[in-house]
Amino acid sequence: MRKLTAVLLSSVLCFGILAGCTQNASAPGSQTSSASSANETTSSGPESSAAPGSSSQPSAFSGIPETAESIPQSGETIRLAGLKGPTTMGMAKLLADNDTGLSKNKYSFTMAGAADEIVAGLAKGELDAAAIPANLASVLYNNTEGKISLAAINTLGVLYIVETGDIIHSLEDLRGKTLYSTGQGTTPEFALNFVLQQNGIDPATDLNIEYKSEATEVAALMQAASGPAVALLPEPFVTTAKAKNEKLRTALSLTEEWERTGSGSALVTGVLVVRNDFLAEYEAAFQTFLEEYRASTEYINENPEEAALLIEGLGIAPAAVAEKAIPACNITYLAGAEMKEKVSGYLQALFEQNPKSVGGALPDDAFYYQS
C-alpha cells in the first residue's frame, strides 16, 4: 500500500486552479461543516490496506471506525471528500442537509487542502467518493489499475481572460499581447493552448504568455499596470480580484471559447469519482447519493444568496464572494453518455499536449460509470 500510494502521489500534478487560488478568497478562520471539522487531521496510527469493514482501526479521513456499521446500508455513512474550491461548492446543500438530518443517506466529509490527501484516502479505502479535478481522476484510474470510476461532471471551466482595458473581445485580439497567467505545465496552460490552437493562434509565437507562481501575483500585476493589461484567472479569484480592482473586467470565458471549437467535448474542471469496491457492494446507496448530489447542485445554482452562506460555512469563500462567483463557477451535474463525451474529449486534448497530465494513457470505457 505504501508503494501504491507513493506512485499515486508522484503522479499528482499542481491543481492550484481548484485549491490554491481559492484559498486566497477564503474567509480567515472559517470552519468546515460539523461533518468535516473533526476530520482534517490524519491518524498517526499504522496504515492499513484492508477493505472497508474489515478493520477496527479508525479511519484517518472520516473519523469513524472502519467496521461493518460504518458502511452505507439503508442510510448509513458514506465517506466523501472534496478540494477547497469550486468542485466542492455543489456539495454544500447536501452537506448542510446531512448536518440537520434531512439527507436520505448519512455522510462524513473531508475538506482537503491538497489533492494528495484525497489520493491517499481513495487508495487506502478510507474514502468512498470524492470531488476532484478531471485529469486527476484519469491519473488515479491508470495508477490504481481501474479501481475507481468517474460518475459525474460537477464543474465545467472556471478560467476567464480578464483585462484592465477594453481591447479584448475575441481570442484574435490576444495576438501580439502579453497575457499573465498561473498554472504553467498544468491544466490551465493546456486548456489555454488548446483553445488558442483551435483558433489558429500559436501560444508560443503569436502572443507573450508570462506565467507566475500564484494568482495573487497576477492580480497585483494587473492592479499596478499603468495601461491595459490582460490575464488568465480562475473563479472565485476573478470575483475577489474585481472587488479590489475596479478597472478589472471579464473579457472572455475559456469555457465558452472551448465550446465554440465544435469538438463535442468541454472544458471540465471537476468530477465525482467513486471507488469500485464500494460501488460493487453498495450501488443502491450510491445511487441515492447521486440523486441528492444532483439536487444539491441545482439548489446552489438556483439560490445563490442562500447557497453562498453554506459555501462560507464550508470555509471555501466568504459569502459575499461566493454569491457573485456562483454563476461563473459553472457548477453542474452531468452524467451518462453526455459526461463521457465531454470528459473523453477533454482528456484527449490534455493527452495530446502532455500524456502525463492524464496518467500516461487515456482511460478505457470502463472508467465511465453509466448506471
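Mentor: Let us begin with Asn330, which is placed in the loop between α14 (319–325) and β11 (331–334), where helices (H or I, at least four residues) and strands (E, at least two) are DSSP runs, numbered from the N terminus. Before going further, please keep in mind that this is a predicted model, in which local features need pLDDT of at least 70 and side-chain atom pairs count only at pLDDT 80 or more, while totals for chains, interfaces and linings use all residues. Residues are numbered from 1 along each chain as its sequence is written, and side-chain values use heavy atoms, with hydrogens and water left out.

Asn330 has a positive phi of about 55 degrees although it is not a glycine. Most residues other than glycine have a negative phi, and most peptide bonds are trans. With a relative accessible area of 22%, Asn330 is partly exposed; here buried means under 20% relative accessible area, exposed over 50%, and partly exposed in between (1.4 Å probe, protein chains only).

Asn330 is also one of the residues touched by Thr255, together with Leu156, Gly157, Val158, Leu159 and Leu267, not counting residues up to four places away in sequence, and contact means heavy atoms within 4.5 Å. Thr255 itself sits in helix α10 (residues 254–259) and, at 5% relative accessibility, counts as buried.

Pro236 lies in the loop between β8 (230–234) and α9 (237–244).

Finally, turn to strand β3 (residues 129–133), in which five of the five residues are buried, so the strand is largely enclosed by the rest of the structure. Strand β1 (residues 77–83) runs parallel to β3 and is joined to it by three bridges, with Gly82 having Ala131 in β3 as its bridge partner; two strands pair if DSSP finds at least two bridges between them. Strand β10 (residues 268–275) runs antiparallel to β3, and five bridges join these two strands, with Pro133 standing opposite Gly270 in β10.
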